[in-house]
Amino acid sequence: MIRYLMQRLLFACLVLVSLSVFVFFLFFVAPGDPARVVAGDKATEAQLVQIRENLGLDRPIVVQYGSFVSKALHGDLGYSYRNQQPVLDLITRRIPATVSLVIGGVIVWLAIGIPIGVMSARNAGTRKDRLGQTFILIGLSFPTFVLGMLSLYCLYFLPRKAGFMLFPAGGYKPFLDNPLDWAWHLVLPWTTLALVTSAIYARLTRGQLLQVLGEDYIRTARAKGISERKVIYKHAMRATLTPLITQLGADIAFLLGGSIVIEQVYGLQGVGALAVQAVANQDRPIIIGVVMLGGLFIVIANIIVDLLYTLLDPRMR
Amino acid sequence: MTNQTTHPKAPSADNGKISEQVVQRSSFELTMRRILKDPALLTAVVFIVLLTLFAVFAPLVAYWTGHDPNTQFRETGMSPFGLPVGPNHEFLLGADQLGRDVLVRLAYGARISLAVGVLAALASALIGITIGMISGFFGGWVDVVLGRIMDLVMSVPFLLCALALVSVFGPSLGLSIGVIVFFSWTTMGRVIRAETASLTKREFIEASRSLGAGPISILIRDILPNLSVPIIVYTTMMIPSSIVFEATLSFLGLGITPPTASWGGMLADAGANSVYLVAWWLVIFPGIALLTSTLAFNILGDGLRDALDPKGRRIKPRKKKSVLSGWLTSRKTPEGGPNQ
């Protein structure tokens, strides 16, 4: 098992190295002059040369990459071209909004997705199952931003037009300032995120449960006379845990790296919104920083998932 | 569908007589019968055909309404206050914030969505099939290397990388397709790899080998035909995710460059300055177009899987007789999309 984990760890490093090489060289071959972005349009040629020297852009690409990696390992991701602030600070400031969105979203989508999957599998072939499958189909087909805009229209704008405020249009309020206000501002983003994502979980749960429910050990459990609820949640659900955790790990990691679309629709100032702004401003250090951070989250999530496997499934040890 | 379609029997065999009505049906015929008995699938097919016609005849729509997709009708399409006019006899689906006809733009947007969806799905299918087959057939270090590459691509934050790519090369149709293909071939690759690996161990491959067939001949003549079901099903399922991926890129301003009409771009325009709050038609029509298209392709993919591979469909309900089912095959690989 130690060997297996070492392999995974090695692979994680490989992912991060490839990712860093990809973004770094991407920006090296990119057209456009970063010095121009830093200095603005009115800068003279001498100023540009000076800036290139300060940023180290005049050195060979390999040297630049080496210094980027060694700095990154010390927690220094460089400075924004636009306002000269440390990239790490800029990202850290955005993390609370993204994390709040993801945590709440995960809770809501699990609370919707798993029961629907269970209901569908327990009543396979009946009307309830078809209802569950319709939910899955629509959820899988609904583009997030369409759902977000529709819910903003129906749950924010229409009530406001009628003279009362049901939900705010978006924006992020810090949890510590006022937890209630925080939650109220996040209800719409949470449900939007959860509705489209829960379909994946409902389908996964349903598929796994259908396979498991025919097994002998389930019949044994039923024969023992325990309640159907216990059969499902204590015995059968156990088998669905592995694929659910794989999916959950991947989803959480992707979203922490920037739930770009939701943040964009609801005006949440999270990591994803930062990345979109950085693209608009051609602010390369920030883009590199966010991509690397996203990669780091994915790699960490993969390792946590691997560890959880060994905890959940004794055969893996 | 009932079980009868999967076990066709002549109806008159019940009363003991062997009847002349017993007919042998080809696999194609059986599949067609299953398809024709699935109303959801048929509706989806009809919708997709209509959508394709709508896209192909977009210039006709423009001609018929007399509105060019990119022309701004500031006199007729906008109110004196500069707000877009809603659906009326001249602008059937309303006008947008620049006074352009939403219906005409929707038709031209359908071209982009369908073209990107189908092209990207075909290209990623081609790559996925090739790599998956090589990986599954040869095994050993080839499999390890290719498998690792697939893992690597799957561990990349794709939307962020798309952002980085677009920020460097600027948004364009080609880049959108490239990005979508690069991040979606792995799903197909994994499925084909697993199927090929299990097919390779079968006797008929051994027979082929003992007859002197080389690896390329085995792969193309023996293995590929046996992969047709997953290929058809997964390629179909990649179309809706590519459509959503493209719309998402355009929505974020990273896809199709304005003023070319695309559904994602139309929604982005509607979202900018929250114009859609005063002009609901700007979000409802493109939103519905996008949702129904992805829904139709998803239903098509599901229906095709049920029709082509009836094995995976047999769910024994504990109470009543079997009705529509499916969704049995749950993929273990994480899936998600640009959606998030």
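How many helices and how many strands does chain A have? Chain A has 13 helices and zero strands. Read from the N terminus, its elements run α-α-α-α-α-α-α-α-α-α-α-α-α. Keep in mind that this is a predicted model.

Start with chain A as a whole. Its C-alpha atoms fill a box of roughly 85 × 65 × 35 Å along the principal axes. The chain has 317 residues, and 51% of them count as buried. Take the contacts in chain A with a separation of 6 or more. Residues 24 or more positions apart account for 69% of these.

Setting aside residues up to four places away in sequence, A12(A) touches V299(A) and I303(A). Now compare a position further along the chain. V23(A) is 11 residues from A12(A) in sequence, and their C-alpha atoms are 17 Å apart in space.

Next, turn to the meeting of the two chains. On the side of chain A, 68 residues are in contact with 59 residues of chain B. The two chains bury about 5800 Å² between them. Carbon and sulfur atoms carry 71% of that area. Three residues of chain A stand out: F145(A), M149(A) and R203(A) supply 12% of the area that chain A buries against chain B, more than any other three residues.

What polar links cross this interface? The rule finds two residue pairs in polar contact between chain A and chain B, both at pLDDT 80 or more. It finds zero salt bridges there.

Which parts of chain A face chain B? Several helices give two or more residues to that side, among them helix 6 (127-141), helix 7 (144-161), helix 8 (179-213) and helix 13 (284-312). Helix 1 (2-29) is also one of these elements. Helix 1 of chain A gives the most, with 10 residues. By type, the residues on this side of chain A divide into 41 nonpolar, 19 polar and eight charged.

Aromatic rings come next. The structure holds 15 aromatic pairs over all chains. W182(A) and W190(A) form one that is edge-to-face, with 5.4 Å centre to centre and 75 degrees between the planes. Are these two residues buried or exposed? W182(A) counts as buried at 16% relative accessibility. W190(A) is buried too, with a relative accessible area of 12%.

Chain B has an edge-to-face pair as well, formed by F137(B) and F138(B). F137(B) is buried, at 10% relative accessibility. F138(B) is partly exposed, because its relative accessible area of 44% falls between the limits of 20% and 50%.

F254(A), F158(B), F182(B), F183(B) and F245(B) form it.

End with a residue of chain B. Where does T235(B) lie? T235(B) lies in helix 10 of chain B, which covers residues 228-251. Its relative accessible area is 13%, so T235(B) is buried. Which residues does T235(B) contact, leaving aside neighbours within four places in sequence? They are A121(B), L122(B), A125(B), M188(B) and P230(B).

How values were computed: Residues numbered from 1 in each chain as written. Chains lettered and ligands numbered in written order. Predicted model: local features only at pLDDT ≥ 70, side-chain atom pairs only at ≥ 80, totals over all residues. Heavy atoms only, no water. Contact = heavy atoms within 4.5 Å. Buried area = accessible area lost by both parts, 1.4 Å probe. Salt bridge = Lys/Arg side-chain N within 4 Å of Asp/Glu carboxyl O. Polar contact = N/O pair within 3.5 Å; in protein donor to acceptor, adjacent residues only side chain to side chain. Helix = DSSP H or I, 4+ residues; strand = E, 2+ residues; numbered from the N terminus. Nonpolar A, V, L, I, M, F, W, Y, C, P; charged D, E, K, R; others polar. Phe/Tyr/Trp six-rings, centres within 6.5 Å; stacked < 30°, edge-to-face > 60°. Buried < 20%, exposed > 50% of the residue type's maximum accessible area, 1.4 Å probe, protein only.
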